[in-house]
Amino acid sequence: MAEAKTLLRLVACGSVDDGKSTLIGRLLYDLGTIPDDTLAALEADSRTHGTRGGELDFALLVDGLMAEREQGITIDVAYRYFATEKRKFIVADGPGHTQYTRNMATAASNADVAILLIDARKGVLTQTRRHAFIASLMGVDQVILAITKMDLIGYNKAAYDRIVADFIEVAGALEIPRLAAIPVSGVSGDNIATRGASTPWYDGPTLIELLESAEPREAHRADQPLRMAVQSVVRPNLDFRGFAGRLSAGSVKPCDAIRILPSGRMAKIARIVTADGDLPEAIAGQSVTLTLDHEVDCSRGDIIAAADAPCEIADQFQASVIWMSDSPLFPGRRYTMKIGAAQANATITEIRHGFDIDTFQHTPVKQLEPNGIGVCNVSLDRDIPFDAFEQNRETGGFILIDQDTNETAGAGLIHFALRRSQNVHWQALEIDRNAHAAIKNQKPAILWFTGLSGAGKSTIANLVEKRLHSLGRHTVLLDGDNVRHGLNRDLGFTPADRVENIRRVAEVAKLMADAGLIVLVAFISPFRAERELARSLAKEGEFFEVFVDVPLAVAEGRDVKGLYKKARAGQLKNFTGIDSPYEAPLSPEIRIDADATSAADAAEAIVAAISAKIVR
């Protein structure tokens with residue numbers, strides 16, 4: 001029986017208009033892998049949308065989106081499949097524009113080899129360096145440097161040599177271990193599938209020869225310790241319970257000892273089940289269902305690992321993060337982390353540094369802008385099993401999901417667990433929150449007052465506390481201005497500082513609620529994400545968002561502190577409602593029309609609304 005062909009995953013990347021789509025299209029054409037009907041469609045599209053005067057425009061084979069054809073750029077990641085006699089290939093065409101860096105990162109995340117294109121007329125550009133950096137970050141250690149459009153510079157060897165020398169400096173800074181360079185022309189096909197007569201000074205392999213000799217990353221995964229993320233628990237009947245997933249590393253056989261993580265429970269493999277029958281062994285890359293020799297608590301998101309070489313377990317990490325959201329990444333904001341099949345609430349506690357793409361040097365940053373890259377400390381709300389990304393992409397790579405929009409906001413690569421995650425543990429306390437609340441004869445609560453500056457939050461919160469105090473309730477009031485004199489005196493009013501301001505106050509409010517108190521928090525708290533963070537820290541039914549609603553014109557007309565006047569004059573930056581946004585609550589527990597309701601009446605309404613909910 002003929003030996004099965006190996007699969008190589010490629011990403012074609014580089015700056016915009018460096019000829020990626022043309023190169024891929026030419027490669028498919030020269031290999032004869034384009035079906036007749038597709039070729040006929042290409043001929044028609046070349047006449048309608050092409051840029052070569054009716055001649056075949058190979059870029060159109062890959063640039064499938066109409067917006068791409070109209071603009072002449074690649075926006076989405078396009079995938080193409082082809083094969084030679086020696087190997088099968090999947091090639092991803094990564095977009096070149098800076099605003100589509102997220103798509104490039106997606107394309108590189110599973111690649112074995114990066115074909116990095118450089119326009120011979122332009123040389124190494126910032127986006128060339130960015131794509132090289134992302135490929136290196138994603139663990140792509142084989143790079144083929146394709147100097148394209150050589151026909152447009154008359155196949156000048158000196159120009160080619162200068163570009164290669166410039167990129168060797170980049171490769172050295174990024175410590176790219178395997179680099180090959182080749183002069184090509186996508187239009188004429190020089191050195192792509194066949195050697196070009198126009199470059200007699202180049203005696204190296206063609207592009208396809210380089211690709212056929214490259215080594216897939218999966219080649220050595222079977223030699224690593226077993227890792228399988230559980231995708232689902234299979235229970236077709238009462239007599240069968242299996243755990244389905246794909247082996248990301250290692251191999252497994254019946255009777256092998258395994259460890260379920262993060263619980264640490266041990267078992268042995270009973271069967272390796274597939275649709276085609278049981279297997280004597282499964283190796284990395286195969287999807288199987290494993291059964292165990294006895295009942296073990298194991299669920300989706302857990303990892304089945306080799307008993308003698310398990311993953312690490314931690315809830316705090318240092319990781320590289322590629323930021324994909326249109327909104328900046330601020331420390332303190334909460335996201336959902338998805339790593340393998342597991343999920344956890346994640347917070348970036350610190351951005352240690354960003355990167356200067358021109359020099360790859362570390363740069364201090366307080367936030368990550370869209371398409372930014374940085375090294376961050378990440379904290380989770382529970383322990384998860386993991387490997388360093390450089391050891392295993394699947395157990396070391398994660399995405400961050402915006403909890404408001406459910407969109408992918410960023411991608412991350414775990415480097416190592418922070419020592420504090422191993423050294424800091426929860427201390428069991430004898431007197432819990434119920435005991436604290438019982439002695440006060442009340443139920444804890446957090447009343448979170450939010451609204452524009454001048455809406456009346458502090459005034460109303462003060463009246464509510466006075467009323468609760470007169471009823472014998474134990475309270476504490478955290479006011480935005482007062483807290484900034486002490487706990488948060490080091491924070492300014494940038495978006496990043498506002499996020500941290502509310503994160504700290506939310507944690508303090510939680511601690512005070514745990515002490516059995518009714519906590520009143522009066523902060524502008526302009527962002528929904530941070531108010532939702534505060535809500536998530538509270539116990540069910542104990543958080544009350546109080547929206548003190550007033551039109552901007554009314555709040556500005558009050559302007560007791562003269563802040564709006566300064567903001568309008570440009571003397572006060574990042575002022576909510578003027579040059580910084582306020583995101584109004586969508587469904588607050590209590591809404592006060594502060595333009596039509598007096599502060600006293602508002603306070604009485606709030607006390608009436610919560611009275612029954614704070615009585616034991």
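## Helices H13 and H14

In this predicted model, helix H13, spanning residues 495-514, packs with helix H14, spanning residues 528-537, at an angle of about 15°, and the two axes lie 9 Å apart. Because angles under 35 degrees count as roughly parallel, H13 and H14 are described as roughly parallel to each other. The crossing that the two helices make is right-handed.

On the H13 side, the contact is formed by Val499, Ile502, Arg503, Ala506, Glu507 and Lys510, while H14 contributes Glu530, Leu533, Ala534 and Leu537. Sorted by class, the residues of this contact comprise 6 nonpolar and 4 charged, with no polar residue among them.

## The chain as a whole

The protein chain that holds these helices has 17 helices and 26 strands. Of its 616 residues, 50% are buried, and the chain exposes about 28,300 Å², of which carbon and sulfur atoms supply 50%. When the contacts with a separation of 6 or more are considered, residues 24 or more positions apart account for 72% of them.

## Two further helix pairs

Helix H5 (residues 126-137) and helix H6 (residues 157-174) pack at an angle of about 35°, with 10 Å between their axes, and H5 passes H6 in a right-handed crossing. The residues that meet are Arg129, Ala132, Phe133 and Ser136 from H5 and Phe167, Val170 and Leu174 from H6; by class, this contact has 5 nonpolar residues, 1 polar residue and 1 charged residue.

Helix H11 (residues 457-470) packs with helix H17 (residues 599-610) at an angle of about 55°, their axes being 9 Å apart, and H11 and H17 are therefore oblique to each other. The crossing of H17 by H11 is right-handed. From H11, the residues Thr459, Ile460, Leu463, Val464, Arg467 and Leu468 meet Ala599, Ala600, Ala602, Ala603, Glu604, Ile606, Val607 and Ile610 of H17, and the contact has 11 nonpolar, 1 polar and 2 charged residues.

If residues up to four places away in sequence are not counted, Ser453 touches Ile524, Ala555, Leu563, Tyr564 and Phe575. Of these, Tyr564 is 111 residues from Ser453 along the chain, and the C-alpha atoms of the two are separated by 8.7 Å.

Thr363 lies in strand S18, which consists of residues 362-363, and, with a relative accessibility of 24%, Thr363 counts as partly exposed. Once its neighbours within four places in sequence are left aside, Thr363 is in contact with His353, Gly354, Phe355 and Asp356. The separation between Thr363 and Gly374 is 11 residues in sequence and 9.0 Å in space, taken from C-alpha to C-alpha.

## Backbone features in loops

Most residues other than glycine have a negative phi, and most peptide bonds are trans. The peptide bond that joins Leu261 and Pro262 is cis, with an omega of about 20°; Pro262 is found in the loop between strand S10 (257-261) and strand S11 (265-273).

Cys255 is not a glycine, yet it has a positive phi of about 80°. This residue lies in the loop between strand S9 (251-252) and S10, and, at 60% relative accessibility, Cys255 counts as exposed. Glu175 likewise has a positive phi, near 55°, in a residue other than glycine. The place of Glu175 is in the loop between H6 and strand S6 (178-183), and its relative accessibility of 67% means that Glu175 counts as exposed.

How values were computed. Residues are numbered from 1 along each chain as its sequence is written. This is a predicted model: local features need pLDDT of at least 70, side-chain atom pairs count only at pLDDT 80 or more; totals for chains, interfaces and linings use all residues. Side-chain values use heavy atoms; hydrogens and water are left out. Axes are lines fitted to C-alpha atoms, for helices over the stretch in contact, and angles run from 0 to 180 degrees between N-to-C directions. Helices (H or I, at least four residues) and strands (E, at least two) are DSSP runs, numbered from the N terminus. Angles under 35 degrees count as roughly parallel, over 145 as roughly antiparallel, 65 to 115 as roughly perpendicular and the rest as oblique. A crossing is left-handed if the near helix is turned anticlockwise from the far one by less than a right angle, and right-handed if clockwise. Contact means heavy atoms within 4.5 Å. Ala, Val, Leu, Ile, Met, Phe, Trp, Tyr, Cys and Pro count as nonpolar, Asp, Glu, Lys and Arg as charged, and the others, Gly among them, as polar. Buried means under 20% relative accessible area, exposed over 50%, partly exposed in between (1.4 Å probe, protein chains only). Accessible areas come from the Shrake-Rupley method with a 1.4 Å probe; for residues, only the protein chains shown count as cover.
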